[in-house]
Amino acid sequence: MLLAFNKPFRVLCQFTDRGTPARPTLAGFGLPRAVYPAGRLDHDSEGLLLLTDDGALAHRITDPRHKLAKTYLVQVEGTPSPAQLQALRDGVVLADGPTRPAQARLLDAPPPLWPRDPPVRFRKTVPDAWLELRIGEGRNRQVRRMTAAVGLPTLRLVRTAIGDWRLDGLDPGTWRALDPHVAESVQRTTGFANDG
C-alpha cells in the first residue's frame, strides 16, 4: 500500500508525541493502521508525505542512492537576485558540507495554495517572493538552510512532489491511495538533472 498525504502545518510526521503539551500527529487523520512515513517532512513544513506498509518501497523512496527528486514551493523573505538563484543552482555550502546543485526558479505570482493557519506574517516594508526549488537529496531542514545561506529566509515551505508522485489537489489533512504499479518508477530513477 502506498498513500499520498497532504501534511498540514504544525503536524508531526509521526503517529505519537510524548511532548507536553502533545502536538498534533498523523494519528488524527484516519490513516490506515499499517502505514508509516517514507521519509520526513518538518513540523513547520506542509505538503506531500508518502506513507507505506512496504519496508522495501520505503527504503527505495528514502535511499539517497536513488536520488529521488523532491519539489517544493518556497515563500522567501526578500526579492531573489539572479546571483542568489544561481547560487542555489550551483549548490551552497552548509555546516554539514556542500549541497548538490538544485533546480531553482522564481515564480511570477504566488501559487494557488490553501491558506495557512496561522498565516505567514505580512510586513509592508519587507518584500517576499515564491520560488520553486527541486533538490535531489534530503538533509535535515535542507531547503530552509539553503535559502538562508543565500540570504533568503524561508517563510513558508510546501512540498508538492516526490519523484513522479504529486500532491495534485489534495486538501490539507486528506490522503489518497496511489497506484502500486507507479512505485516501480522509483526503481527506474537514474539520477537528478540540473536543468535550472
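This is a predicted model: local features need pLDDT of at least 70, side-chain atom pairs count only at pLDDT 80 or more; totals for chains, interfaces and linings use all residues.
Residues are numbered from 1 along each chain as its sequence is written, and side-chain values use heavy atoms, with hydrogens and water left out.

**Stop 1: helix α2**

Select α2, residues 82-90; helices (H or I, at least four residues) and strands (E, at least two) are DSSP runs, numbered from the N terminus. Colour Gln-84, Leu-85, Leu-88 and Arg-89, which are buried, meaning under 20% relative accessible area, with exposed being over 50% and partly exposed in between (1.4 Å probe, protein chains only). These residues lie on the same side of α2 because they cover an arc of only 145 degrees around the axis, the arc being that of the directions from the helix axis to the C-beta atoms. Turn to the face away from this buried side, and you will find the exposed residues Pro-82, Ala-83 and Asp-90. Then step to Gly-91, which follows α2 and has a positive phi, near 100 degrees.

**Stop 2: the nonpolar cores**

Next select Val-74, Leu-88, Leu-133, Ile-135, Val-143 and Met-146, the residues with the most contacts inside the largest nonpolar core, which has 18 residues. Such a core is a set of buried Ala, Val, Leu, Ile, Met, Phe, Trp, Tyr and Cys residues joined through side-chain atoms within 4.5 Å. At least two residues of this core come from each of β4, α2, β8 (128-135) and α3, and β8 gives the most, with four residues. Another core, of 16 residues, lies apart from it and includes Ala-38, Ala-58, Trp-114 and Leu-167.

**Stop 3: the pockets**

Show Arg-40, Lys-70, Tyr-72, Gly-138 and Arg-159, which lie nearest the centre of the largest pocket among its 27 lining residues. On a 1 Å grid over the protein atoms alone, a pocket is an open set of points where a 1.4 Å probe fits, with protein on both sides within 12 Å along at least five of seven lines, and lining residues have an atom within 4 Å of a point. The largest share of this lining, three residues, comes from β9. Finally, select Leu-113, Thr-160, Leu-167, Asp-168 and Gly-169, which lie nearest the centre of the second largest pocket, lined by 13 residues.
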